[in-house]
Amino acid sequence: MAKKSILITGIYGLVGSVIYKQLHKSPDNYAVYGVDLSAENSDRVSRDEAISLDPKHFYQSDLSDIESLSKMFEGIHTVVHMAADPNTEAPWESVLKNNICGTYNVLEASKRAKVRRVVVASTIQVSTGHFRRTEPYKHIANGDFDKVPEGFESLKTTERSWPVNLYAASKVFSETLARVYSSSSDLSCLCIRIGTVNAGDKHPEHLNSIYCSRNDMGRLAEHCILAPESLKFEVYYAMSGNKHLWVDMENAKQSLGFVPEDKSNYYS
């Protein structure tokens, strides 16, 4: 396999650093570059999980300048776009600048620079309304597992979105914009609805159904990078193989060959 040049936005964030570590295992396969607001690891990254890029492979940017992004992206095969304001209570001004305008700028710059693929971070919160308010999913959310029927139908990514905050709404926009670019340009755009990823793989018990290990997160991102060039657009859930998994990950298995290796540690 020829070495691919990969650029990760938000590389010093929790998920960006997880993906960097996954790709860094294969230096003969990938040349990895990163963009972030600074070369400081996020507060969400524990000290023993911190990363440090070669300064020659790092760009400092807030993603606001399409022209400078286009120059950064020249020669890049895949942009893995993880940069965003992840705060579910972030004010509109930050959501607009970082999540909406930032994603547009990344996709437009990728198009201009003739990047082959953009992997776009979305969130499980795109489907939170289903989970919290609709049977049988709300029983899982409430921990009432005895009320969950056997063989219930898992939610596919083709179900209608149901965000419940501005952050999640911005990710609905990101998915929609990715579809626009995949259908109107040569870009392949694959979106990942990320579950609960935490430092040290620690998570609250009530979130065990949407847990995604760092290992599975990194592996899914790599599978997206390696997907056939003919795959133009798709949306995938990023979760581990948890007992009460309420989303359908079959499309990741069929089109990417991805199967989770881990599961929530609250289950035997």
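Me: Hi! Is H1 mostly enclosed or open, and how many of its residues are buried?
Reply: Hi! In this predicted model, 9 of the 11 residues of H1 are buried, so the helix is largely enclosed by the rest of the structure.

Me: Nice. Which ones are buried in H1?
Reply: The buried residues are Leu-14, Val-15, Gly-16, Ser-17, Val-18, Ile-19, Tyr-20, Gln-22 and Leu-23.

Me: Let's look at H7 then. At what angle do H1 and H7 pack?
Reply: H1 (residues 14-24) and H7 (residues 214-226) pack at about 70°, and their axes are 8 Å apart. The two helices are therefore roughly perpendicular to each other. Their crossing is right-handed.

Me: Which residues meet there?
Reply: From H1, Val-15, Val-18, Ile-19, Gln-22 and Leu-23 take part. They meet Arg-214, Asn-215, Met-217, Gly-218, Arg-219, Ala-221, Glu-222 and Ile-225 of H7. By class, that contact has 7 nonpolar, 3 polar and 3 charged residues.

Me: Changing topic: where does Asp-201 lie?
Reply: Asp-201 is in the loop between E6 and H7.

Me: Buried or exposed?
Reply: Buried: its relative accessibility is 17%, and the cut-off for buried is under 20%.

Me: What is Asp-201 in contact with, leaving aside neighbours within four places in sequence?
Reply: Asp-201 is in contact with Tyr-211, Ser-213, Arg-214 and Asn-265. You've met Arg-214 already, among the H7 residues that meet H1.

Notes. Residues numbered from 1 in each chain as written. Predicted model: local features only at pLDDT ≥ 70, side-chain atom pairs only at ≥ 80, totals over all residues. Heavy atoms only, no water. Axes fitted to C-alpha atoms, helices over the stretch in contact; angles between N-to-C directions. Helix = DSSP H or I, 4+ residues; strand = E, 2+ residues; numbered from the N terminus. Parallel < 35°, antiparallel > 145°, perpendicular 65-115°, else oblique. Left-handed = near helix turned anticlockwise from the far one by under 90°. Contact = heavy atoms within 4.5 Å. Nonpolar A, V, L, I, M, F, W, Y, C, P; charged D, E, K, R; others polar. Buried < 20%, exposed > 50% of the residue type's maximum accessible area, 1.4 Å probe, protein only.
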